[in-house]
Amino acid sequence: MSKSDSLSAVTRPEPGPSDPGPLETGSSPSPSPSPSAAVAVATAAPAAPEPPPAPAAAEPVVIHPFDKRVFGVALAVLALMIALASRYGYFVDELYFFDCLRHLSASYVDQPGLAPLLMRFSVAVFGTSATAIRILPALAAAATVVIGALTAREFGGTRRAQFVAAIGVATMPELLSSAHVANTTSYDLLAWSAFAFVALKAERTGQPRWWLLGGVVLGLGLSDSRLIVSFAIVLVIGLWISGGRRLVTNRWALGGALIAALCAVPDLWWQTQHNWAGYTFTHSLNQQNGGPGNIPTWFVGQLFLVSLALVGVWISGLRHLWRSRNPMWKALFWSYAILFVLFAVTSGGRIYYLAGAYIYLLAAGAVAIDARWSSRRRRVLYTVGGTLTTALMLIIGLPLLSVNSIGWTYGVNRNLGDTVGWPQLVNSVDAAWRSLPADQRASTVIYTQNDGEAGAVNQLGAGTGLPTAVSAQNTDWFWGPGNPNATTVLAVVPGPVGGSEAGFKAALQADFGDVREVGTISNPYGIHNKEYGGKIYVCTRPRESWGKLWPSLLHYA
């Protein structure tokens, strides 16, 4: 254990030689001034006014030994994720990521390049099964649990507070749900929590060199998701508001910022080559998910990112940070407050955007209410409440039930429902494809409305003779229309949940002289997900060549 992490208060500057010290015990009293001295004092020039008192210093933080039970909690999360990884099927994002592996790039419309690259590593090492590609997200979730406990330790948390923080993070529905699928979210949560931890470490130890590690963490986070840059920016704003600007106005912080910027170069370079499509995508998402109508959704949704029984814990953490005189702690409060308002207005429908902040709030809350855990009655209440609410959220967020029994969860959490029905979709597309005459199939492309459907056809339909499916959603559009001279398009559109069937058909009729329905998409479980009730159309007599129609089909979602 390093000297700065020993069981002692953080070293603060001692009073200088000019600072008045306490009277030594047993010292003799000063002699009374003589009458002439008193007159001299009375006639002397008025003394200069005393400077205002310095602001109260932050309370020293005592660092306690690390609670090794935290590793047990992290391993339990890892074991749970691996045990459930093979349940149901691929998630829609995973199917899209498989297509990304066929077009590895520095970046993509909807995310930078790290998450697909990590999935490429998983495929090379473990294979293409659902379990194989979900190992790294499960490890990221386990690491996030440990970081949550270490963050509580940086707040001065005892072993008990660290353990409570680990339990709180481990039972976060958002953490567990995201760790069940291979996309960007599990890595994003790890990056947010690790960046907050390093920032706290830099402040507590007084060692600005920690910002170099912070730059690495931020850079890796930026390579996975652009969302974390908002956290870094508001943390700096929060430090300026709380009087801690010196913490980030040094060469080490600048070095960390440069490291993060270098990590973002591949994404920025790709954006410059593709008309800044990622930012157009973000603007489109904000239009779809922002506005006053989605603000209530945002407020309610925040309550379900953490176990309901622990809402009081993270609220206590928020209050603890606000009341603190520590500039970094208060900056973390401002980070949450600013982003809460910003995301509520601009992207309220995306309730998980702020999920990473709840990890440090749970850590702060576990420390703030540590004394309460000594009460047996409170421990029982929290344990029972946490067990019940966590069990309910796990049923909604993880594949614990039979696939035939999860239809009711789709209105609350779509992740599970979006892992079901893909083989049936591919079978329907295959049947429609084979219903066409051989000479017509030679000039036919399979076109899907969204990138997950294209990924399903290309991954699950590999080796069946189906041509590569194309989509005009997000990055898929940049991969091209397939055969630009195709005269027939086999179009796959989602069901009522995924959009307006009449609207999709009308759009096809605007581009083709003949649009004929040849199939319906379903699944045997009765789960009305986005694809359920979708249609397959054979579109012929294009009004322009397929290659010329392609530019007008681009859409972001």
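**Helix packing and selected residues in a predicted model**

In helix 14, Ile295, Trp298, Phe299 and Gln302 meet Phe340, Phe343, Ala344 and Ser347 of helix 16, where contact means heavy atoms within 4.5 Å. Helices (H or I, at least four residues) and strands (E, at least two) are DSSP runs, numbered from the N terminus. The residues of this contact between helix 14 and helix 16 comprise 6 nonpolar, 2 polar and no charged; Ala, Val, Leu, Ile, Met, Phe, Trp, Tyr, Cys and Pro count as nonpolar, Asp, Glu, Lys and Arg as charged, and the others, Gly among them, as polar. The model is a predicted one, in which local features need pLDDT of at least 70 and side-chain atom pairs count only at pLDDT 80 or more, while totals for chains, interfaces and linings use all residues. Residues are numbered from 1 along each chain as its sequence is written, and side-chain values use heavy atoms, with hydrogens and water left out.

The geometry of this pair can be stated with two values. Helix 14 spans residues 295-302, and its axis comes within 8 Å of that of helix 16, with a crossing at roughly 135 degrees. Axes are lines fitted to C-alpha atoms, for helices over the stretch in contact, and angles run from 0 to 180 degrees between N-to-C directions. Helix 14 and helix 16 are therefore oblique to each other, given that angles under 35 degrees count as roughly parallel, over 145 as roughly antiparallel, 65 to 115 as roughly perpendicular and the rest as oblique.

Helix 16 (residues 327-347) also packs against helix 15 (residues 311-323): their axes come within 7 Å and cross at roughly 125 degrees. This angle means that helix 15 and helix 16 are likewise oblique to each other. Helix 15 contributes Trp314, Leu318, His320, Leu321 and Trp322 to the contact, and helix 16 contributes Trp329, Lys330, Leu332, Phe333, Trp334 and Tyr336. Sorted by class, the contact of helix 15 with helix 16 holds 9 nonpolar residues, 1 polar and 1 charged.

Helix 16 also contains Met328. With a relative accessibility of 0%, Met328 counts as buried; buried means under 20% relative accessible area, exposed over 50%, and partly exposed in between (1.4 Å probe, protein chains only). Beyond residues up to four places away in sequence, Met328 touches Ala199, Leu200, Glu203, Trp211, Leu235, Leu239 and Leu247. Leu247 stands 81 residues from Met328 along the chain, and their C-alpha atoms are separated by 8.4 Å.

The wider chain gives the setting for these details. The protein chain has 25 helices and 5 strands, and 51% of its 557 residues are buried. Among contacts between residues at least 6 apart in sequence, 77% join residues at least 24 apart.

One of the strands, strand 5 (residues 535-542), holds Arg541 as well as Ile536. Ile536 counts as buried at 0% relative accessibility, whereas Arg541 is exposed, with a relative accessible area of 58%. The contacts of Ile536, apart from residues up to four places away in sequence, are with Ser428, Val429, Ala432, Leu490, Ala491, Val492, Arg516, Glu517, Val518, Gly519 and Ile521. Ile536 and Val493 are 43 residues apart along the chain, with 6.5 Å between their C-alpha atoms. Arg541 has a phi near 55 degrees, a positive value in a residue other than glycine.

Tyr88 too has a positive phi in a residue other than glycine, near 65 degrees. Tyr88 belongs to the loop between helix 2 (69-84) and helix 3 (92-102), and its relative accessible area of 22% makes Tyr88 partly exposed.

Another loop residue, Gln473, is placed between strand 2 (470-471) and helix 23 (475-478). Gln473 counts as buried at 8% relative accessibility. Not counting residues up to four places away in sequence, Gln473 touches Gln449, Asn450, Asp451, His555 and Ala557. From C-alpha to C-alpha, Gln473 and Val109 are 9.6 Å apart, although 364 residues separate them in sequence.

Lastly, Thr185 is found in helix 9 (residues 185-205). A relative accessibility of 14% places Thr185 among the buried residues. Its neighbours within four places in sequence aside, Thr185 is in contact with Glu174 and Ser178.
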